[in-house]
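Trainee: I have just opened a new model and would like to learn how to read it. Could you walk me through it, feature by feature?

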Amino acid sequence: MLTTTLTSTQIASLTSAQVTALSTDQVPALSTAQIAGLGSAALAALGTDDLATFSSSEIALLSSKALAGLSTDNVAALTTDQTSGLTSTQIAALSTTQLGALTTDQVAALTTGQIAAFTSAQAASLSTANIAALTTAGIAALSTSAIAALTTAQIDALSTDQAEALTATQVAALGSAAMTALSTADLLLFSTADIAAISSKAIVGLETGDIAALDNTQLQAFTSTQTGAITNDQVTAIIAA
């Protein structure tokens, strides 16, 4: 078969028309070196049926530059095994449009290492359904910059289990709008370390009903800096509770 004799350099030089002309028998016959040599135009020319023949280890061979050629349809068509085969470098190289094309099943299959590679722009591009699909371990793996970039709609989409999975370091990265978006049920699951980690700027975002619902242990976890940032309305709500 002719394709098996082509070098990786020759494979990389194939035009999109030539790649499109490859049969479904020829694509699976590509060697690992040839797959690694595919460029963005070649990937753009491959159909979903062609990509379905790639193993997760073969997907991991694709260069970051080549991945730019993946259409959103091809991204959405990747199996969960193929998706979990992407390296952290590859994940970070995906455009926000490509990442947004991932299905909830694909997102749920992502490893913590892959999720830790999300840029702030990528995190902000995830749909609320995809945010809700992240495992608790996946939530805890998000970088502080990714956490800080989450929209209020995304924060609101967190389940109580996901909110409880936030680390103190992540909580410290949340802004006032994010604190407002958290539900009372979410906040009641915050540990004392989480409560103490809320920034003085973010603490003003706590709604009066939320702050009044905190138990005594949580309230006692407030630092002097946080206490100084609490508004008069919040103090009134605590006293009234």
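Mentor: Gladly, and let us begin with a term. A polar contact is a pair of N or O atoms within 3.5 Å; within protein, one must be able to donate a hydrogen and the other to accept it, and residues adjacent in sequence count only if both atoms are side-chain atoms. Here the side chains of serine 57 and serine 55 make such a contact, at 3.0 Å. Before we go on, note that this is a predicted model, where local features need pLDDT of at least 70, side-chain atom pairs count only at pLDDT 80 or more, and totals for chains, interfaces and linings use all residues. Residues are numbered from 1 along each chain as its sequence is written, and side-chain values use heavy atoms, with hydrogens and water left out.

Trainee: How many helices and strands does the protein have?

Mentor: Helices (H or I, at least four residues) and strands (E, at least two) are DSSP runs, numbered from the N terminus. This protein has 28 helices and zero strands. Serine 57, for instance, belongs to helix α7, residues 56-59.

Trainee: What does the radius of gyration say about the overall form?

Mentor: It is taken over C-alpha atoms, and the globule rule is 2.2 Å times the number of residues to the power 0.38. A compact globule of 241 residues would come out near 18 Å, but the protein has 23 Å. Along its principal axes, the C-alpha trace spans about 80 × 25 × 20 Å.

Trainee: Which residues does leucine 51 contact, and is leucine 51 buried or exposed?

Mentor: Buried means under 20% relative accessible area, exposed over 50%, and partly exposed in between (1.4 Å probe, protein chains only). Leucine 51, in helix α6 (residues 48-51), is buried because its relative accessible area is 3%. Contact means heavy atoms within 4.5 Å. Leaving aside neighbours within four places in sequence, leucine 51 is in contact with Leu43, Leu46, Leu70, Asn74 and Gln82.

Trainee: Why does alanine 45 count as buried?

Mentor: Alanine 45 has 16% relative accessibility, so it counts as buried. This residue sits in helix α5, residues 40-45. Beyond neighbours within four places in sequence, alanine 45 is in contact with Ser16, Val19 and Thr20. The C-alpha atoms of alanine 45 and serine 16 are separated by 5.3 Å, with the residues 29 apart along the chain. By contrast, glutamate 207 counts as partly exposed because its relative accessibility is 42%; glutamate 207 is found in the loop between α24 (192-197) and α25. Over the whole protein, buried residues make up 40% of the 241.

Trainee: Where is the nearest side chain of opposite charge to aspartate 210?

Mentor: Lys and Arg count as positive and Asp and Glu as negative; His and the chain ends are not counted. A salt bridge is a side-chain nitrogen of Lys or Arg within 4 Å of a carboxyl oxygen of Asp or Glu. Aspartate 210, in helix α25 (residues 208-213), is buried yet has no salt bridge, and lysine 201, the nearest side chain of opposite charge, is 21 Å away.

Trainee: What about aspartate 186?

Mentor: Aspartate 186 is in helix α23, residues 184-188. This aspartate is also buried without a salt bridge, and the nearest opposite charge, on lysine 201, is 24 Å away. A polar contact of 3.0 Å does join the side chains of aspartate 186 and serine 183. Not counting residues up to four places away in sequence, aspartate 186 touches Leu158, Ser159, Thr160 and Ala163.
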